[in-house]
Amino acid sequence: MTALSQPVLDAATRVELCRDADVPALMQFIGSQWHPDHVLSRDEALLRWQFAPERLQGQRAPGPTVMLAWLEGEIIGMLGLTGFEFNALGERYPAMWLSQWLAVPAHRRHNVALRLMWAARDLRLDAVATLGAHTFSAQLLARLGFELIPSLPRWVGVFDVAAAAELVCWANPTLGQPTAAALCRAYIVQPPTGAKPTDGLRAQGWSAATAAAWDRCWNGVLARRVVGACRDAAYLTWRYVSHPRFEYRLRCAQRASDGEVEGIVVWRVERVRDRATRVLRIVEFLGSPAAEAVLARSVLEGARDSGAAMGDFYCASARAAEALARAGFQRVPEPPAGIVFPSRFQPLESQHFPMTTLVRLPGAWRSRMRELLDDGRLYITKSDGDQDRPA
């Protein structure tokens, strides 16, 4: 790894965490420098949820947890910090997801981007990660000791061949409908039939009782098997139940005998902009072997009930996706072999977007990324960071 020297800014530039009073200026900066219609430039509730100060452990943030660079009263750079607890086989570490890393081009010669990163580093959290990094930031973070997943694996299942083929044709303008339909048939997931799998388990919604049972399952069993964000009940409540804009479906695999929970699946149904077509986005799938069949059945029933054309699941762990693969989901080749299953629907976009992921693991775990990937213990999904949010 090549060491990076401490960046030097002119004396007039200051870098500090956002204050409540800075929020209007921050939103204006996002709209003018990132994208004029970026959701965080117009949705204050979503911005405050994503960068909630209470989530950044060990810090007393004065407002949303965004590091800002200022020059002469104007924001010239930002770096979003979403706090979470990192779980490594049952051990917990304070951590943060990075997002919205931006420096105004006219001021990049002053090392604004690096200074923002150094200020975040000075918070001294044990683990740091980011999803969706572009080429420049990925190269820079790699030099800072982050380990790389070039593209977060994606599993796709097709529920309605004709509707999914329309999306594939739009994303691949030179592709004929017969070829698109043939591709979609190869990814077909059959609707649920026959008796529901039980093994003494049933699918239940999220409630105070299932949340408490999930905590016992997570802390007592699952946390000791995976490496990634601590997905206890408090995290799931913040990330999904209390989301300010999206409606997520949470289904627990609950034992009928004693009410204990053995797994959970979370998804949402997304309507493609300017179309009636719906897509099912799975964002969590964790459970015991016995629970997996019940959870997979819940996904298929959710797809049927919503009329979804297709569904997907981004996850670093092939082990976590095995039950969906048995139901018919398939891992999409990376890079795709010429034909793209669209992944962005607000609006529907035709390019291939690799979800580049970088992680700086806690000290004792560094340099073990490949081992954790190979044995399926690294569990990172699209909902980590800010990759599952309104457009």
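Leaving aside neighbours within four places in sequence, Arg239 is in contact (heavy atoms within 4.5 Å) with Trp49, Tyr248, Ser383 and Asp388. The model is predicted, so local features need pLDDT of at least 70 and side-chain atom pairs count only at pLDDT 80 or more, while totals for chains, interfaces and linings use all residues. Residues are numbered from 1 along each chain as its sequence is written, and side-chain values use heavy atoms, with hydrogens and water left out.

**Arg239**

- Arg239 lies in helix H8, which covers residues 233-241; helices are DSSP runs of H or I with at least four residues, numbered from the N terminus.
- Arg239 is buried, meaning under 20% relative accessible area with a 1.4 Å probe and protein chains only.
- Arg239 has no salt bridge, and the nearest side chain of opposite charge, Asp388, is 4.4 Å away; a salt bridge needs a side-chain nitrogen of Lys or Arg within 4 Å of a carboxyl oxygen of Asp or Glu.
- A polar contact of 3.4 Å joins the side chains of Arg239 and Tyr248; the term covers N or O atoms within 3.5 Å, one able to donate a hydrogen and the other to accept it, and residues adjacent in sequence count only if both atoms are side-chain atoms.
- The backbone oxygen of Ser383 is reached by the Arg239 side chain at 3.0 Å.

**Cysteines**

- There are zero disulfides in the structure, a disulfide being a pair of cysteine sulfur atoms within 2.5 Å.
- The closest cysteine sulfur to that of Cys217 is in Cys252, 8.9 Å away and too far for a bond.
- For Cys230, the closest cysteine sulfur is in Cys217, at 12 Å, also too far for a bond.
- Cys217 is buried at a relative accessible area of 7%, and Cys230 is buried at 2%.

Key
Helices (H or I, at least four residues) and strands (E, at least two) are DSSP runs, numbered from the N terminus. Buried means under 20% relative accessible area, exposed over 50%, partly exposed in between (1.4 Å probe, protein chains only). Lys and Arg count as positive and Asp and Glu as negative; His and the chain ends are not counted.
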